[in-house]
2 protein chains.
Amino acid sequence: MSNKQNLLTNIPTSIPNEIFETIISTPNIKIERIISKGHKSEPDFWYDQDKSEWIMIVKGEARLQFEDKSIYLTPGDYLNIAAHQKHRVDWMTPEEETIWLTVFY
Amino acid sequence: MSNKQNLLTNIPTSIPNEIFETIISTPNIKIERIISKGHKSEPDFWYDQDKSEWIMIVKGEARLQFEDKSIYLTPGDYLNIAAHQKHRVDWMTPEEETIWLTVFY
């Protein structure tokens with residue numbers, strides 16, 4: 001058994017690029033922590049993923065853009081993104097780190 | 001696409017029994033929210049599960065007992081429990097709800 005870890009700790013003081021940490025990885029799923037601070041997708045960039053992705057914001061604030069709407073997310077908010085559903089990160093708060101929990105499945 | 005939901009809201013005022021809510025369910029994974037308040041496993045009961053389980057405490061406090069140790073968990077703490085690794089809930093705070101996020105895989 002692994003020992004406990006904490007999703008809210010071990011945050012670097014400087015986050016020039018988003019940090020992707022794999023928590024669990026099997027052929028069927030990947031659980032990841034993403035640490036961001038004010039990052040957003042390039043203007044014309046859209047994620048178009050082969051896997052479904054369940055995301056939750058654990059800390060911070062973000063706005064995800066879809067082709068038909070934008071969704072503002074605060075801690076505890078979660079969302080399921082179907083495979084190939086195009087999306088991008090429109091905005092994240094510059095005031096603090098935004099910590100994401102994602103499950104690809 | 002599903003609309004956003006929040007893991008910390010829609011908590012009943014009375015929780016006589018633990019509440020298990022399925023968030024995502026496919027043949028490969030199940031993501032669940034568990035809402036508890038001061039519940040614990042029966043004295044001789046041990047979970048012995050066919051699937052691996054990744055758990056995180058989102059709110060509250062709990063102590064999980066394994067055959068060789070106990071682990072105290074507070075918000076953000078997470079743990080991977082291998083399939084058939086026996087465990088039980090030894091204690092949960094009676095002071096507030098404990099909200100668990102679990103991924104069976």
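How much area do chain B and chain A bury between them, and what share of it is on carbon and sulfur atoms? About 2,900 Å², with 65% on carbon and sulfur atoms. This is a predicted model.

**Select the contact.** Show chain A and chain B together. The contact takes 32 residues from chain A and 32 residues from chain B.

Across the interface of chain B and chain A, 14 residue pairs are in polar contact, both residues at pLDDT 80 or more. Now hide chain A and look at the side of chain B that touches it. Six strands of chain B each supply at least two residues there: strand 1 (5-6), strand 2 (19-25), strand 4 (53-59), strand 6 (70-73), strand 7 (77-81) and strand 9 (98-104). Colour strand 7 of chain B separately. Strand 7 of chain B gives the largest share of this side, 4 residues. Then colour by residue class. The side of chain B that touches chain A holds 19 nonpolar, 10 polar and 3 charged residues.

**Find the salt bridges.** There are 2 across the interface of chain B and chain A. Select Asp77(A) and Lys4(B). These two residues form a salt bridge, with their closest N and O atoms 3.4 Å apart.

**Stay at Asp77(A).** Which residue stands opposite Asp77(A) in strand 1 of chain B? Select Asn6(B): this is the residue opposite Asp77(A).

**Widen to the strands.** Select strand 7 (residues 77-81) of chain A and strand 1 of chain B. The two run antiparallel, and 2 bridges join them.

Definitions and conventions. Residues are numbered from 1 along each chain as its sequence is written. Chains are lettered from A and ligands numbered from 1 in the order in which they are written. This is a predicted model: local features need pLDDT of at least 70, side-chain atom pairs count only at pLDDT 80 or more; totals for chains, interfaces and linings use all residues. Side-chain values use heavy atoms; hydrogens and water are left out. Contact means heavy atoms within 4.5 Å. Buried area is the accessible area (1.4 Å probe) that two parts lose on being put together, summed over both. A salt bridge is a side-chain nitrogen of Lys or Arg within 4 Å of a carboxyl oxygen of Asp or Glu. A polar contact is a pair of N or O atoms within 3.5 Å; within protein, one must be able to donate a hydrogen and the other to accept it, and residues adjacent in sequence count only if both atoms are side-chain atoms. Ala, Val, Leu, Ile, Met, Phe, Trp, Tyr, Cys and Pro count as nonpolar, Asp, Glu, Lys and Arg as charged, and the others, Gly among them, as polar. Two strands pair if DSSP finds at least two bridges between them.
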